[in-house]
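The sequence and structure are shown first.

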Amino acid sequence: SQHATLKRSKNVGSKRSVLKRFERIKLLRKRGEWKDGASPLGLPKKSQMPEGIRLNKFLASCGVASRRKCDDLIAEGHVEINGKIVIELGTKVLPTDHVKFDGRRLSQESEMTIILNKPMGYVCTRHDPEGRKTIYELLPKKFQHLNYVGRLDIQSSGLLILTNSGELNELLTHPRYHVHKEYEVYLDRAF
């Protein structure tokens, strides 16, 4: 019951959230929308919740922009799902949904990862303000949308991974995963 739950709550914040849940249940019961056995928030149980991916992740996988930039685009009203403009950031996209960005229908790209043997004299960037050659000049047009994982400086050559998978990029670059990297350095003088 309500009072037993309140006594078990340790702090004021959790007591407020419990009260909010009970207020929500009362409101749903009053409307006739409450079903016995439903979750305390009146939301579907996790097993009943629709599968799907977050809208910003879907847009990023379609090559629209980074996830953060996609959040801004969603909030600005550039995105439609099934003909309705969506501005809520946590929206999930189902495989059956039709998603449009600025009126253009989007479909999710399959994950792609390639490796590039980067020669010296190329910069790891899409556009260089100094006009130097970039690694994207080495790639065919169909790979131009891939993002590089890590970077090698202009005087370095070696293996460079390019992918459209944000998970792979994070797995290889974030310090919490402790991915070992090995560099071989040749000097033009004694060390």
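A search of the whole structure, which is a predicted model, finds 0 disulfides. A disulfide is a covalent bond between the sulfur atoms of two cysteines. The cut-off applied to a pair of cysteine sulfur atoms is 2.5 Å. For Cys70, the closest cysteine sulfur belongs to Cys62 and lies 8.8 Å away, so the two are too far apart for a bond. Cys70 is also buried, at a relative accessible area of 0%. Cys124 counts as buried too, with 2% relative accessibility.

| Cysteine | Relative accessible area | Class |
|---|---|---|
| Cys70 | 0% | buried |
| Cys124 | 2% | buried |

In soluble globular proteins, nonpolar side chains tend to be buried together. The largest nonpolar core in this model has 14 residues, and those touching the most other members are Leu55, Phe58, Leu59, Val79, Val99 and Leu106. At least two residues of this core come from each of helix H3 (55-61), helix H4 (67-75), E2 and strand E5 (99-101). Leaving aside residues up to four places away in sequence, Leu106 is in contact with Phe58, Leu59, Cys62, Val64, Val99 and Phe101. Another core, of 13 residues, lies apart from the largest one; Leu139, Leu146, Tyr148 and Leu162 are among its members.

**Aromatic pair**

How many aromatic pairs does the structure hold? The count comes to 1. The ring centres of Tyr136 and Tyr148 are 6.4 Å apart and the ring planes stand at 55 degrees, so the pair is classed as tilted. An angle over 60 degrees would have counted as edge-to-face, and one under 30 degrees as stacked. Tyr136 sits in the loop between strand E7 (113-118) and strand E8 (147-149), whereas Tyr148 is in strand E8 itself. The two tyrosines are 12 residues apart, and the pair links distant parts of the chain. Both Tyr136 and Tyr148 are buried.

**Sheet**

Four strands form an open sheet with antiparallel pairing, in the order E3-E2-E5-E6. Its edges are strand E3 (84-86) and strand E6 (104-106), each of which pairs on one side only. From one strand to the next, the twist averages 40 degrees. Strand E2 (residues 79-81) pairs with E3 in the antiparallel sense over 3 bridges. Within this pairing, Ile81 stands opposite Lys84 in E3.

Methods:
Residues are numbered from 1 along each chain as its sequence is written. This is a predicted model: local features need pLDDT of at least 70, side-chain atom pairs count only at pLDDT 80 or more; totals for chains, interfaces and linings use all residues. Side-chain values use heavy atoms; hydrogens and water are left out. Two strands pair if DSSP finds at least two bridges between them. Axes are lines fitted to C-alpha atoms, for helices over the stretch in contact, and angles run from 0 to 180 degrees between N-to-C directions. Buried means under 20% relative accessible area, exposed over 50%, partly exposed in between (1.4 Å probe, protein chains only). A nonpolar core is a set of buried Ala, Val, Leu, Ile, Met, Phe, Trp, Tyr and Cys residues joined through side-chain atoms within 4.5 Å. Contact means heavy atoms within 4.5 Å. Rings of Phe, Tyr and Trp (its six-membered ring) pair if their centres lie within 6.5 Å; planes under 30 degrees apart count as stacked, over 60 as edge-to-face and the rest as tilted.
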